Amino acid sequence: EPQTSNLKPLSSTLKMFKLLNQPYPKDWKIQKGIRAAFVSGFIVFAFLWVFEPFGISGVDVYNTHLFILGYGAVTTFVVLLIIPLPLIFKNFFRDEKWTVGKNIAYFVFIFFCIGIGNWLYTHIMTGLPLVWGSFVFFQFVTVAVAVVVAGSTTLFNYSRFVTLNVEEAKQIEKEVSKIEKRPERVEWTLLSENEKDEPLKVDSASLLFIESADNYSKIIFRKDGQGKSVLLRSSLKRTESQLNHPFVFRCHRSFLVNLTRVDSVSGNSQGYRLHFSGTDETIPVARRTGQELHERLHTLEKPV
């Protein structure tokens, strides 16, 4: 019994780490970031103005309301400064690498920077000494709030996205099962950009999906029960124009898929993904193409 009890904290810790490593949707745009900066600043101002915590009403300044408004301005300014980070550190902020833990940590970092800004602002306005004690106080208050707000918001959204996307994946899988899996066989001849390379022949029975690879298209097909690949010197857009067929679908900016070869569909917080037999690679379905995918699958249903 004691040994079992000792394992419980370890099990909980492992579950927490597993949760923090789960994929999380990252839907950030410059316009959204700018809007969030001003909304955050207004929320900070409104909170301080209504509740006047930490003895802020007793601070010796010319105008308390303007002083409080300054904290809102600091919040807006700091968030605006941080907005370009995902554009600068693209590898760290890649959509497919974004997780629950990264999302929480990123927002705690934002609050940490806001805490520094508030500390310096208070020093300028009130003469607060720039010593470790005052710095720790500002960071403790700011980061404590950040962990609670960012953690609860992220976990709530994660749970909601998982539920929605798992249900959506089940619906897509049901629709995929209704299409004709062995339609009339079609063979395509794919030409490279310079049209000097040897044409690539691929047929609808073996083609799984095509991935954009810079100026190339990576053709993934099934041969002898295994997934194989070959590069074609052609953009995905140009390759798509050569595959004018209802079963070939652009599900993502970087992928074309053969809907007749889809084996199953799975969902997570970032959306849902298509699985193919013969390869472990899964293909994402972009949110903007979700409705179009439903419509395409309905048109491909086998006649009853």
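**Helix H2 and its faces**

The buried residues of helix H2 pack against helix H3 (64-82), where contact is taken as heavy atoms within 4.5 Å. This is a predicted model, in which local features need pLDDT of at least 70 and side-chain atom pairs count only at pLDDT 80 or more, while totals for chains, interfaces and linings use all residues. Residues are numbered from 1 along each chain as its sequence is written, and side-chain values use heavy atoms, with hydrogens and water left out.

Helices are DSSP runs of H or I with at least four residues, strands are runs of E with at least two, and both are numbered from the N terminus. Helix H2 covers residues 30-51, and because its 22 residues at 1.5 Å a residue should span 32 Å, the 32 Å between its end C-alpha atoms agrees with that expectation; the expected span is 1.5 Å times one less than the number of residues.

The residues of H2 that are buried (under 20% relative accessible area, with exposed over 50% and partly exposed in between, for a 1.4 Å probe and protein chains only) are Gly-33, Ala-37, Gly-41 and Leu-48. Viewed down the axis of H2, these buried residues fall within an arc of 80°, so they line one face of the helix; the arc is that of the directions from the helix axis to the C-beta atoms. On the face of H2 turned away from its buried side lie the exposed residues Gln-31, Phe-38, Phe-42, Ile-43, Val-50 and Phe-51. Just after H2, Glu-52 adopts a positive phi of about 45°.
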